[in-house]
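Please open the model in your viewer and keep the sequence panel beside it. We will go from stop to stop, with something to select at each one.

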Amino acid sequence: MEPPNDKTELRDFPWILVRLRCHFCQRKGDARLAVLSWHYGAGATLAQIVAIFMSRCPWDPHNPARKPQKYGRKCGAYCPDIGRTSPPDLPPSMTGLTLIEGGKDDQLPSEQPGEPNRRRIGGD
Ligand SMILES: [Zn+2]
C-alpha cells in the first residue's frame, strides 16, 4: 500500500481517523475521516487539513493578526500518519495517556539480618 502523503486526498486516506498533532502546543485532534470529508470535501488533501488545524493554533504562522516575529515560534502541526503503512494501532481513547516505564527503581526489600538459615541434616 502507498503510504499517505501530504497530497493524499481524503477519499484516498486509508484509515477512519485522521490524527493531527502539534510540536509546540498540546493540542491534538483525532478527526473522523467521514466528518472531514463532509466538511471540506473528499478532494481535500492532508496538507489542507493540517493547515486548517494549524489555523487554530496560537502559533499559526499564517495568522494575519499576528505580527511576524523573527524568532517567534511557528506552529508545528503535522499529521503523524503521513508516511505510515500500517493503521494507527490504538483507538484514540487509549492513546491519551502514555505510560513511561522505569521511572522509579524497584526497591528490593533489604536482606533479613541475623542468622543464616541452617538446616539440620540427619537430625539428632
Ligand atoms: Zn500548534
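## First stop: the hairpin

Select S1 and S2: a hairpin of 5 residues joins these two strands. Strands here are DSSP runs of E with at least two residues, helices are runs of H or I with at least four, and both are numbered from the N terminus. Before going further, note that this is a predicted model, where local features need pLDDT of at least 70, side-chain atom pairs count only at pLDDT 80 or more, and totals for chains, interfaces and linings use all residues. Residues are numbered from 1 along each chain as its sequence is written, and side-chain values use heavy atoms, with hydrogens and water left out.

Pick Leu-17 and you will find it opposite Arg-32 in S2. Then pick Arg-21, whose bridge partner in S2 is Lys-28.

Show the side chains of S1 next. Are they buried or exposed? Leu-17, Arg-19 and Arg-21 point one way, Val-18, Leu-20 and Cys-22 point the other way, and all are buried, where buried means under 20% relative accessible area, exposed over 50% and partly exposed in between (1.4 Å probe, protein chains only).

## The zinc site

Select the zinc ion. Which residues hold it? Its coordinating atoms are the SG atoms of Cys-22, Cys-25, Cys-57 and Cys-75, at 2.1 to 2.6 Å. Donors are N, O and S atoms within 2.8 Å of the metal (3.2 Å for Na, K and Ca), and sites may look incomplete because water is not among the atoms. Along the sequence, the spacing of the donor residues is C-x2-C-x31-C-x17-C. Cys-25 sits in the loop between S1 and S2, and Cys-75 in the loop between H2 and S3, so this pair ties together parts that are 50 residues apart in sequence. Cys-25 counts as buried, at 9% relative accessibility.

## The nonpolar core

Select Leu-10, Val-18 and Leu-20, which have the most contacts inside the largest nonpolar core, a group of 20 residues. Such a core is a set of buried Ala, Val, Leu, Ile, Met, Phe, Trp, Tyr and Cys residues joined through side-chain atoms within 4.5 Å. S1, H1 (33–40) and H2 (46–54) each give two or more residues to this core, and H2 has the largest share, with 5 residues.

Keep Leu-20 selected. Leaving aside neighbours within four places in sequence, its contacts (heavy atoms within 4.5 Å) include Ile-49, Val-50, Phe-53 and Tyr-78.

## Last stop: the segment before S1

Finish at Asn-5, in the segment before S1. Asn-5 counts as partly exposed, at 36% relative accessibility. Not counting residues up to four places away in sequence, Asn-5 touches Leu-46 and Ile-82. Draw a distance from Asn-5 to Leu-46: their C-alpha atoms are 7.2 Å apart, although the two are 41 residues apart along the chain.

Key
Pairing = 2+ DSSP bridges.
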